[in-house]
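Student: I am new to this structure. Please show me how to read its features.

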Amino acid sequence: MAGDAATPLLALERLEVAYGGIQAVRGIDLFVGKGELVCLIGANGAGKTTTLKGITGLQPVSGGTVRYEGEDVTGAPAFQLVRRGLAMVPEGRGVFGGLTIEENLAMGAYTRKDRDGIRADIERVFALFPRLKERRRQTAGTLSGGEQQMLAIGRAMMSRPRLLLLDEPSMGLAPLMVQKVFETILAVSGEGVTILLIEQNAKLALEVSHRGYVMESGEVTLAGDAKELLHDPKIRAAYLGVGA
Ligand code: ATP
């Protein structure tokens, strides 16, 4: 492999994140290669969201290293990471309910000045999500939960990310919408965007991902090829509701 291709886009080395005295992330190793779709799965309270907060500087890292494009960015503030091509879609989505869909998308491009490029990218997002195009002048607050999730992903795409961090995109959605959101994630991955997907829906996450990590009580307990994990008896019993 060429030197550059061998460097993961994101690498966590013995990452630790604590809330006061509570260690929520206990020294995890994880990497995401360029172009990969990698999921981090685990039960409620396993430490998935806290891992993301450690990556994006939203919660101080108490040990270990975050590397982005080979460089140590441990503790770097989120806005600096956004400028370097890392975009995060937080749990609960956070779209601007009073703004139209188009305005929300334009907000996602706030780090950019190329008006023509921004226009073109809004059209690119609309091509990915025709549902949003039909509703482009509607305020985001009137969208369904799943449509808001698509908008949040679309808005993150507007910063032309190299790495997209998705925090539980299926949360609170009806099964049909969950399916749509996962189709969306696959489409974005197909465009060459590297993705780290945090999910409680282990089955769907493993079905769309290349590789997966399983987190339990702040530690990575299993990692590997997503299809192999999907057939692992331990995973099937613990996360897929299938007898081992
Ligand atoms: P979920 O799937 O339910 O979102 P998760 O895997 O994302 O779970 P985290 O939100 O990372 O889990 O939480 C990991 C642990 O850290 C939990 O025990 C939680 O109670 C604790 N925790 C999370 N946020 C805080 C906080 N702000 N202060 C103190 N403890 C916290």
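**Reading the sheet**

Tutor: Start with an open sheet of 4 strands, in the order β2-β1-β4-β5, with antiparallel pairing. This is a predicted model: local features need pLDDT of at least 70, side-chain atom pairs count only at pLDDT 80 or more, and totals for chains, interfaces and linings use all residues. Residues are numbered from 1 along each chain as its sequence is written, and side-chain values use heavy atoms, without hydrogens and water.

Student: Which strands stand at the edges?

Tutor: Strands are DSSP runs (E, at least two residues), helices likewise (H or I, at least four), numbered from the N terminus. Two strands pair if DSSP finds at least two bridges between them. Here β2 (22-32) and β5 (71-72) each have a single partner strand, so one side of each lacks a neighbour in the sheet.

Student: How many bridges join β4 and β5?

Tutor: Strand β4 (residues 61-68) pairs with β5 over 2 bridges, in the antiparallel sense. Arg-67 has Asp-72 of β5 as its bridge partner.

Student: Where do β9 and β10 pair?

Tutor: Strand β9 covers residues 211-216 and β10 residues 219-225; they pair in the antiparallel sense over 6 bridges. Gly-212 stands opposite Gly-224 in β10. Their hairpin has 2 residues between the strands, and Ser-217 takes a positive phi near 45°.

Student: Which residues of α5 are buried?

Tutor: Buried means under 20% relative accessible area (exposed is over 50%, partly exposed in between; 1.4 Å probe, protein chains only). In α5 these are Gly-117, Ile-118, Asp-121, Ile-122, Val-125 and Phe-126.
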